[in-house]
Amino acid sequence: VQLQASGGGLVQAGGSLRLSCAASGRTFSRLPMGWFRQAPGKEREFVATIHWSTHYADSVNGRFTLSRDIAKNMVYLQMNNLKPEDTAVYYCAASQNTGDLVYASDYDYWGQGTLVTVSS
């Protein structure tokens with residue numbers, strides 16, 4: 001599986017962005033997918049995951065929406081009401097595991113990251 005993230009950019013606080021993750025590989029439709037983010041000087045942190053259902057970090061719940069289009073091999077992260085603390089490099093990832101999948105170590109494949117900058 002190869003992953004390509006895109007859609008990052010500069011946005012003002014309160015604004016919106018939609019990140020996309022293009023996946024290649026025949027097994028994509030069966031794999032749980034997730035988004036993580038890493039701010040400068042911080043650990044990579046869980047944002048959201050999707051398989052049969054979606055699960056969000058508390059910090060983004062109610063503001064971010066994760067969806068997937070299996071026919072197009074795409075995963076989307078719609079981010080609304082963005083805050084300066086959302087500024088980070090965002091990574092999409094795919095997992096061959098099961099469970100809560102909230103740790104980076106749960107994921108086997110990673111995209112290259114896309115930078116999101118939210119100005120105050």
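This is a predicted model: local features need pLDDT of at least 70, side-chain atom pairs count only at pLDDT 80 or more; totals for chains, interfaces and linings use all residues.
**Exercise 1.** Work out in which order the four strands of the open sheet run, and which of them sit at the edges.

*Solution.* Start with the general idea: strands of a sheet pair through backbone hydrogen bonds, either parallel or antiparallel. Here the order is β1-β3-β8-β7, and the pairing is antiparallel. Next, look for strands that pair on one side only: those are β1 (2-6) and β7 (64-69), the edge strands. On average, neighbouring strands in this sheet are turned by 15° against each other, ignoring direction. Now zoom in on one pair: β1 and β3 (residues 17-24) are joined by five bridges. As a spot check, find S6 and go across to β3, where its bridge partner is S20.

**Exercise 2.** Classify the aromatic pair formed by Y91 and W110, then say whether each residue is buried or exposed, or something in between.

*Solution.* You need two numbers, the centre distance and the plane angle. For Y91 and W110 they are 6.4 Å and 80°. Planes over 60 degrees apart count as edge-to-face, so this pair is edge-to-face. Y91 has a relative accessible area of 14%, so call it buried. W110 comes out at 28%, so it is partly exposed. Both belong to one aromatic cluster, together with F36, F46 and Y107.

**Exercise 3.** Find which rings have the charged ends of R18 and R44 sitting over them.

*Solution.* Take R18 to begin with: its charged end sits over the ring of Y76, 4.2 Å from the centre. Then go to R44, whose charged end lies over the Y91 ring, 3.8 Å from its centre.

Terms used: Residues are numbered from 1 along each chain as its sequence is written. Side-chain values use heavy atoms; hydrogens and water are left out. Two strands pair if DSSP finds at least two bridges between them. Helices (H or I, at least four residues) and strands (E, at least two) are DSSP runs, numbered from the N terminus. Axes are lines fitted to C-alpha atoms, for helices over the stretch in contact, and angles run from 0 to 180 degrees between N-to-C directions. Rings of Phe, Tyr and Trp (its six-membered ring) pair if their centres lie within 6.5 Å; planes under 30 degrees apart count as stacked, over 60 as edge-to-face and the rest as tilted. Buried means under 20% relative accessible area, exposed over 50%, partly exposed in between (1.4 Å probe, protein chains only). A charge sits over a ring if NZ of Lys or CZ of Arg is within 6 Å of the ring centre and within 35 degrees of the ring normal.
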